[in-house]
Amino acid sequence: MRYVELHLFRVKFIRPAQTLLLSDSRTSSELFRDALLERPSAELRSGFLWHIGNVVQLDDSGGAFAIGRTTNTTLSRYDEEQGNFVEEDSEDSPYTVCLYDLQIGFVAIKKKTRLSPTTEGIARQLSKLLNQTEAAKSNEIQVRIDAIPDPFNFIARIQSARFIKRFTAHFTGPNPFDADELFQKPLSVYCQAIQGETGKVITEGEALDSETAIAVTRSVAATGNEASARIIEHEGSRARNIHLKGDNAKCTFPEDEFVPSDGLNAARSEYQKVRSA
């Protein structure tokens, strides 16, 4: 049986530190919506024209769209009338489906290796297209699309560790609506004020608090950022480094049962699992 995989990514519309005098007051959700509705196209690599299309609304805050690329190719075929082999110019336009939630600010990309070997590759092209839109350019906004990692194994190792000796958490400029008050919100504002793109906080101690580390890990994962820790797993064992990385958060469907509205709801549920892992 063939399966559909939806990989989750966080979409961030990051404003510059000095808001432009003529910039509008649209929220990140509104900018995301308007950027998609522009249906941008751009030649992101010589001979490869990428597009966003087929934008549809599925409910109050979510919907679906397609992203794909067009390339010119030459096809060989046999012309029965002429009795000859001939070559004809043709267009090839593979695409995949993406599901989005404007309120949360995520996109779930349907894996399609014919379009790109990885969903991260598709996400990179999507971010380039969104950065080309008037919604982004008119406000000097940087659009970032970062993978939402599956945090469950990382959290389990922190929970079971005898000691946490060091914890490192990364952050970006402000955007996600549910950024936590303890870590992401104040540091992302600082990142914007100092005109940075990314930052990290390293905390060291003899025995760091695991519950705080887990709470920050949930926030870091949900906002598409990175984390790592140096732990002692057992009394007397050597310290070792662990990283919040690996597989994306994702949901899977049998191909013949995939329906965009069901996929969107499954992606939302998966996101909530990450946020409250």
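Two strands count as paired if DSSP finds at least two bridges between them. By that criterion β9 and β11 pair antiparallel, joined by six bridges. The model is predicted: local features require pLDDT of at least 70, side-chain atom pairs count only at pLDDT 80 or more, and totals for chains, interfaces and linings use all residues. Residues are numbered from 1 along each chain as its sequence is written, and side-chain values use heavy atoms, with hydrogens and water left out. Helices (H or I, at least four residues) and strands (E, at least two) are DSSP runs, numbered from the N terminus.

**The sheet**

- The order β10-β9-β11-β12 describes an open sheet of four strands with antiparallel pairing.
- β10 (198-204) and β12 (239-243) each have a single partner strand and stand at the edges, so one side of each is left without a neighbour in the sheet.
- On average, neighbouring strands of this sheet are turned by 15 degrees against each other, direction ignored; the axes behind such angles are lines fitted to C-alpha atoms, for helices over the stretch in contact, and angles run from 0 to 180 degrees between N-to-C directions.

**Strand pairings**

- Seven bridges link β9 and β10 in the antiparallel sense, and F171 has G199 in β10 as its bridge partner.

- Helix α4 (residues 152-160) lies across β9, β11 and β12, and runs at about 155 degrees to β12.
- Helix α6 (residues 210-222) packs on the sheet and touches β9 and β11, with its direction at about 25 degrees to that of β9; contact means heavy atoms within 4.5 Å.

**The largest pocket**

- A pocket is defined on a 1 Å grid over the protein atoms alone, as an open set of points where a 1.4 Å probe fits, with protein on both sides within 12 Å along at least five of seven lines; lining residues have an atom within 4 Å of a point.
- The largest pocket holds about 270 Å³ of space, the volume being that filled by probe spheres set on the points, which are joined across faces, edges and corners.
- Its lining comprises 16 residues, of which D146, A147, G224, N225 and E226 are the closest to the centre.
- β8 (142-147) and β9 (163-172) each supply at least two lining residues, and β8 gives the most, with three.
- The lining contains four nonpolar, seven polar and five charged residues; Ala, Val, Leu, Ile, Met, Phe, Trp, Tyr, Cys and Pro count as nonpolar, Asp, Glu, Lys and Arg as charged, and the others, including Gly, as polar.
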